[in-house]
Amino acid sequence: MAAINGRIGFRGYTQKDIITKECGGILTFSPTNIVENQLSIGSKNTYITRNKYDESPEIQVHNGDILFVKTGSTLGKSALIKGLMEEATLNPQVVVVRSNYVDNGFLSIALTTESILKQVNSAKIGGAVPTLTETRIKDFSVKIPISIDEVKGIIKLFSELDCLITLHQ
């Protein structure tokens with residue numbers, strides 16, 4: 001249903017791969033960039049070298065992708081990428097989720113439901129630093145309406161709710 005990719009193994013990065021934006025660094029998203037299921041590009045961003053970015057095209061982040069936290073205290077947080085205006089990738093605590101089967105806007109909403117949070121809690125491993133494997137995330141069950149119109153209606157409703165919340169803040 002969805003492709004899930006993360007920064008693993010030899011494609012991880014070390015302190016020597018971290019540079020400044022001014023030196024040509026590429027933005028690297030971490031769990032701190034996800035606030036209330038929205039992408040937040042704040043002042044504490046991390047940037048990595050172009051070489052480290054280019055070696056992993058499967059985790060290069062684009063508008064319409066979904067970020068999902070797989071490691072740490074904010075396990076299960078997610079955000080749909082909208083309005084991204086620069087090249088970006090992931091740090092090892094986050095995976096990118098993409099679907100050709102269902103609208104990613106709908107999928108991002110589904111990933112915030114109680115059903116998914118229960119699956120996150122039952123699938124996590126580790127104590128001090130809880131973790132989900134990509135294999136376990138791929139096994140999550142998401143209920144998807146059969147009707148495309150129903151999917152579009154759900155997306156519209158949540159979009160309107162997000163706008164109202166933003167206005168009231």
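Welcome to this structure, where four strands make an open sheet in the order β2-β6-β3-β9, with mixed pairing. The model is predicted, so local features need pLDDT of at least 70 and side-chain atom pairs count only at pLDDT 80 or more, while totals for chains, interfaces and linings use all residues. Residues are numbered from 1 along each chain as its sequence is written, and side-chain values use heavy atoms, leaving out hydrogens and water.

**The sheet**

- At the edges of the sheet are β2 (18–19) and β9 (88–90), each of which pairs on one side only.
- Strands here are DSSP runs of E with at least two residues, helices are runs of H or I with at least four, and both are numbered from the N terminus.
- Two strands pair if DSSP finds at least two bridges between them.
- Strand β3 (residues 26–29) runs antiparallel to strand β6 (residues 46–48), and three bridges join them.
- In this pairing, L27 sits opposite Y47 of β6.

**An aromatic pair**

- Rings of Phe, Tyr and Trp (its six-membered ring) pair if their centres lie within 6.5 Å; planes under 30 degrees apart count as stacked, over 60 as edge-to-face and the rest as tilted.
- That rule gives a count of one aromatic pair.
- The pair is edge-to-face because the ring planes of F68 and F140 stand at 75 degrees, with the centres 6.5 Å apart.
- Distant parts of the chain are linked this way: F68 belongs to strand β7 (residues 66–69), and F140, 72 residues apart from it, lies in the loop between α4 (134–138) and α5 (148–168).
- F68 is buried at 1% relative accessibility, and F140 is buried at 11%; buried means under 20% relative accessible area, exposed over 50%, and partly exposed in between (1.4 Å probe, protein chains only).

**Nonpolar cores**

- A nonpolar core is a set of buried Ala, Val, Leu, Ile, Met, Phe, Trp, Tyr and Cys residues joined through side-chain atoms within 4.5 Å.
- The largest one holds 19 residues, and F68, V97, L107, V120, L132, I137 and F140 have the most contacts inside it.
- At least two residues of this core come from each of β7, β10 (94–98), α2 (104–110) and α3 (114–123).
- A second, separate core has 16 residues, including F29, I34, I59 and I81.

**Two residues and their contacts**

- Leaving aside residues up to four places away in sequence, I137 touches I4, F68, K70, V95 and L132; contact means heavy atoms within 4.5 Å.
- Q119 lies in helix α3 and is buried, with a relative accessible area of 17%.
- With residues up to four places away in sequence again not counted, Q119 touches D139, F140 and S141.
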